[in-house]
Amino acid sequence: MNRAVLITDFDGTITRTDFYEVAAARCLSPETPDYWSSYAAGKITHFEAMAGIFRHIRCSERIIRAEVLPAMDIDPALPEAAGTLIRNGWDIVVVSNGSLWYIDIMLGELGADLPRHGNPGRFIDGEGLILELPKDSPYFSPQHGIDKSLVVKDMQSRYERAAFAGNGPPDLPAALLVDPALRFARTWLADALTERGERFHRFDRWSEISKILIQKELT
């Protein structure tokens with residue numbers, strides 16, 4: 001049994017850019033409401049903001065697959081890096097507040113068969129990406145769909161060591177739960193941890209995490 005686990009966000013962590021950022025720049029209907037302002041004002045949940053944005057995507061599925069998903073820029077070294085971690089005793093669990101619809105596509109194209117928890121969804125041309133709450137998940141959160149902190153706490157109860165990697169505001173509570181030596185962050189999350197005086201490893205590409213964790217195994 002593996003004694004260590006890496007819990008990793010997907011959008012902006014395994015990829016450089018979030019799905020909603022690329023889709024918003026290229027595919028949103030001009031009538032799309034300002035869901036983020038409503039979320040910031042406490043009028044809707046984070047899940048409702050994401051679901052609202054995704055429903056207003058008006059690119060076809062063909063364009064999404066051919067242009068939007070590649071523009072997210074997934075780390076091409078993911079399969080090799082993940083394989084190295086697994087061979088060295090690490091399990092890897094992907095957690096996301098985005099949709100498993102595109103995560104499944106992108107990991108499948110790389111041949112990276114990793115356990116993952118996220119929001120189910122389906123794409124319908126003319127209706128956008130229909131996001132659904134994962135109500136049957138043991139990590140269910142009405143606010144985000146998946147509560148990454150619950151994932152971390154569960155993994156910490158079952159593994160000797162748990163590492164976490166993320167990039168955005170929903171990742172902060174989960175990141176603070178793990179040992180700073182096993183905490184990885186980029187962009188917003190890295191800035192937030194720096195402001196708090198918290199220690200962490202800053203990374204640019206996901207595959208860098210594997211090298212750091214393996215180096216820790218050897219020292």
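Author: Helices (H or I, at least four residues) and strands (E, at least two) are DSSP runs, numbered from the N terminus. This is a predicted model, in which local features need pLDDT of at least 70 and side-chain atom pairs count only at pLDDT 80 or more, while totals for chains, interfaces and linings use all residues. Residues are numbered from 1 along each chain as its sequence is written, and side-chain values use heavy atoms, leaving out hydrogens and water.

Reader: Which residues lie nearest the centre of the largest pocket?

Author: Rolling a probe the size of a water molecule over the atoms shows where empty space is left. A pocket is an open set of points on a 1 Å grid where a 1.4 Å probe fits, with protein on both sides within 12 Å along at least five of seven lines, and lining residues have an atom within 4 Å of a point. Here 25 residues line the largest pocket, and Asp18, Tyr20, Gly168, Pro169 and Pro170 lie nearest its centre. Strand β2 gives the largest share of this lining, 3 residues.

Reader: How many salt bridges does a search of the whole structure find?

Author: A salt bridge puts a side-chain nitrogen of Lys or Arg within 4 Å of a carboxyl oxygen of Asp or Glu, and the search finds 11. In one of them, lysine 148 meets aspartate 171 at 2.5 Å, N to O. Lysine 148 belongs to helix α7, whereas aspartate 171 sits in the loop between β8 and α8, 23 residues apart.

Reader: Is lysine 148 buried or exposed?

Author: Buried means under 20% relative accessible area, exposed over 50%, and partly exposed in between (1.4 Å probe, protein chains only). Lysine 148 has 4%, so it counts as buried, and aspartate 171, at 1%, is buried too.
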